[in-house]
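Subject: Handover of the two-chain model

Dear colleague,

I am passing the structure below on to you, together with notes on what was found in it. Please read the notes with the coordinates open beside you.

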Amino acid sequence: MSEIVKVSGLRVTARNEMGEEVPIVHSADFSIKKGEVLALIGESGSGKTTIALALMGYARAGCRLAGGTVNVAGHEVLSMNDSQLAAIRGKKVAYIAQSAAASFNPSKRLMDQVVESAMIHKVMSRIEAEAKAVDLFRSLALPDPDNIGQRYPHQVSGGQLQRLMAAMALITDPDLVILDEPTTALDVTTQIEVLRAFKKVVQERGSTAVYVSHDLAVVAQMADRIVVLRDGEIRESGETHQILNAPAHPYTKSLLAAIAPKQRSVPGLEVRAAQEHPLLEVRGLYASYGVTKGGKPPKIVLDDINLLIPRGATVGVIGESGSGKTTLARTIAGMMAPSEGEILLDGKRLAPTLEGRTREQFRRIQFVFQNADTALNPHHSIARILGRPLEFYHGMKGAARHKRVLQLLDLVKLPATVTDRLPGELSGGQKQRINLARALAAQPDLILCDEVTSALDTVVGAAILELMAELRKELNVSYMFISHDINTVRNICDEIVVMYAGHKVEARKRDAMSLPPFHPYSHLLVSSVPSLRQGWLEEVGGRTPSSLPPLVAAEPLRGICSFLGRCALRVDGVCNRLPPPRQMLDNGGSILCHRAESELRHIQSPLHLVEENVA
Amino acid sequence: MNSAAMNPTARRKPRPRLSISGAIGMAIVAFWLLMALIGPSIAPHGVGGQIGDDVFAPMSAQYWLGTDYLGRDMLSRILHGAPYTIGVAFAGVTLACTFGLVLALCAAANGGWLDHLISRVMDTLIAIPNKLLALIIVAAFGSSVPLLIVTAAVCYMPGTFRISRALAVNVQAMDYVQSARARGEGMFYIMLYEMLPNMYRPVLADFGLRFVFTVLLLSGMSFLGLGVQPPHADWGSLVRENIIGLSLGAPAVIVPALAIATLTIGVNLAIDALSGGKRRGSEG
């Protein structure tokens, strides 16, 4: 077997603010055999994308390829000039970027863009290239492969765009394909389709590929070998099964530990709620964007949501993008007025908008934004960010306030020295801790957490979750935890609410988290989360049917199941005619579905076995 | 992750350092501000002092900057003109920026009908050509220094409003402003402490630009005889009234032009340095 890629002693440097050159990749050595998929894995800032780009002889602005050799398919990439590089880019080496949406030109048809590199390098005629593109569309399982090329980028979904980008890269049959976090921006249910398509096409064509990712579980499905990076250095490299099962380097072990679901011993709730009011109650909440115009109803984002959050409990809300989970939190916080329904705090009705709420009510419900980069004012020092709620809600001033700021920093495990820094001078994990500390400063009863770990690296995110679980014990706060990642939610929540297209399709208790019956959508979600095993992707392929049961076309009725279009368990004549009932389940949860509990349990039971094996 | 933060050497308090161009800009602005204050009192001659028959005289020991088209001492003319040009332009543009900014903040932070009302009124003003508007105001109310300041402010406020509002709309959609809202903060706090600090950089740059425009507007007005009234003159009118001297190579036309140029360049250099503060870290 010949080596397609050979990298030795690769060094990349970047220029910092002072104008000094600092190394960001130290002496990387690895090689890839023909037909092999190599994964580069690491946290943000580990140099994985930098190395991947170096394979194309490219360094981002401010960076410099400082030394070593990179040999790709017989070309010494680092000693080539720009025109020589242009000749191999897109022909010998192709690149699939993280965000396909940002990589396509919105004003050109997809076909023109897919065949573009074949045209530039003149490897085939336009007609041949188009025929080949259609072939690729078919292998990538794109709908309507013959005509999809005539559409514009905004007319296809994000997952489809990512696959079209793969077609664009593969059109010239490159010797090496570089995939840079190609599924990170996608929902899990979409990710699985894209991964399956990538895997199939890579196997069919025997492509050699570099797969860059931060997600070990995804990499486990795709790669033959894994290179683990940290701070620009290769920490470990080996066969995929060795890295997963017998990691040698402590850092690899910590990465694996951060992913493996850890059962936290969160004490069960005392059943106090029976006599008291629950902390927060949401009754029949509706919300919509836009106003009724000429008989056209506005876009409904929340549809009849009922929710109870007992004191000290953690309720997880999951769903894919567009399911209305963030809108729910914003409505509870008063940032958006519901069109119907009410929100009760301790049995007392909250005003629908910010104007009608008292400062005490504001204090008791705190909102933690997803992205700490934008949630902290870049011109305010940390002391000021944390001090403001103390002054605003508790009237603290001077030394007392300063003392409390230090206590808060201690609570979120940050040193006191950060007080006079600006948010821009902290790392992502530190900023998220400040974000959390600001909410805690109010001494709230309920914290609404909107995807607080999504923007963070796995290890850092796990540490934040750990901290939140600890604080909950110490301070007896309740959390409403919004996430798209069922794994995150599963381990810290007492109850999970699953949302789909504005409906609450399922609620389930902590002890029944991973056992069927599930709502068909929750089942799809649960079985789409990549598992940290090789071969999972193939296994799951058999479990989620790819073809849906046929439906006799029905007039669109108001109130019928919103998941109908994607449901593998739909029943013609029932699901498309009647609104689904809310069924109470034996496990204490409820689902919005026509299918009987016993039926669902029977159909979904293979999942049970699989999940048991993992644990 | 925490080790870096706890390391005492990592903790630094960067002092805002002025770049060379910034220092030059500051020096020029400081010099002209000083001249605006004390210029008239150190001028060797009175403002209209007819001191000789020598028209468009070159620079000499007696007349440092030559004489103008009526034989008046150019140095004195410039020094007497400084308070008009600098004072009126500064006051006018400061008023314009302040009002524009305040209205923009109100419009962006409140949204809804107030935003619509303010924006439409400003759109109406912006639709009228600046010079024309200024002429109408002066024709209606007569020419005086306070009126010139108000005129400049009215003419340039819609522009600053537009820019500030665009900025404010972006800033108020940021999570930290939303977060302050969810905390229950009042509108005033949000505008002043959350939004304003994230806006003043481009607003200051805009200030510098408008300052130049105002100087030009004033000289235009003076040229038409509606600005500063003779024998007083601002620098713009000094250029205009001595324009015939151009063919004679007289310093009388070049010196006031140079004064305007140095002032506007100085203001822009100083503002670039002020607003592009160094303490910014990764945000760059």
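This is a predicted model: local features need pLDDT of at least 70, side-chain atom pairs count only at pLDDT 80 or more; totals for chains, interfaces and linings use all residues.

I begin with one residue: Ile309(A) lies in strand S12 of chain A, where strands (DSSP runs of E, at least two residues) and helices (DSSP runs of H or I, at least four residues) are numbered from the N terminus. With 24 C-beta neighbours inside 10 Å, Ile309(A) counts as buried; a residue is called buried if 20 or more other C-beta atoms lie within 10 Å of its own, exposed if 12 or fewer, and partly exposed in between, with C-beta atoms placed from the backbone. Leaving out residues up to four places away in sequence, Ile309(A) touches Pro278(A), Leu279(A), Leu280(A), Val315(A), Leu446(A), Ser478(A) and Met480(A), a contact being a pair of residues whose C-beta atoms, placed from the backbone, lie within 7 Å.

Residues are numbered from 1 along each chain as its sequence is written, and chains are lettered from A and ligands numbered from 1 in the order in which they are written.

Strand S12 of chain A also holds Asp303(A), the strand spanning residues 299-309. Asp303(A) has 19 C-beta neighbours inside 10 Å and therefore counts as partly exposed. Apart from neighbours within four places in sequence, Asp303(A) is in contact with Tyr286(A), Gly502(A) and His503(A). The C-alpha atoms of Asp303(A) and Tyr286(A) are 4.9 Å apart, although 17 residues separate the two along the chain.

The sheet around these residues is open and has 4 strands, in the order S12-S11-S14-S15 (chain A), with antiparallel pairing; two strands are taken to pair if DSSP finds at least two bridges between them. Its edge strands are S12 and strand S15 (348-349) of chain A, each of which pairs on one side only. Strand S11 (residues 280-289) of chain A is joined to strand S14 (residues 340-345) of chain A by 5 bridges, and the two run antiparallel. Tyr286(A) stands opposite Glu340(A) in S14(A). Helix H12 (residues 325-333) of chain A lies across S11, S12 and S14 of chain A, and runs at about 65° to S12(A); here axes are lines fitted to C-alpha atoms, for helices over the stretch in contact, and angles run from 0 to 180 degrees between N-to-C directions.

Turning to chain A as a whole, its secondary structure comes to 22 helices and 22 strands. The radius of gyration of chain A is 26 Å, close to the 25 Å that the globule rule gives for 615 residues, so chain A is as compact as a globular protein of that length; the radius is taken over C-alpha atoms, and the rule is 2.2 Å times the number of residues to the power 0.38. Of the 615 residues of chain A, 44% count as buried.

The domain assignment of chain A gives domain 1 (3-254), domain 2 (280-513) and domain 3 (523-614), with bounds that come from an automatic or database assignment.

Chain B comes to 11 helices and 0 strands, and buried residues make up 42% of its 284 residues. Where the chains meet, 23 residues of chain B are in contact with 30 residues of chain A. On the chain B side, helix H1 (2-6) and helix H7 (175-183) of chain B are the elements that give two or more residues, and the largest share, 7 residues, comes from H7(B). The residues of that side divide into 7 nonpolar, 7 polar and 9 charged, where Ala, Val, Leu, Ile, Met, Phe, Trp, Tyr, Cys and Pro count as nonpolar, Asp, Glu, Lys and Arg as charged, and the others, Gly among them, as polar.

With best regards

Terms used:
Two residues are in contact if their C-beta atoms, placed from the backbone, lie within 7 Å.
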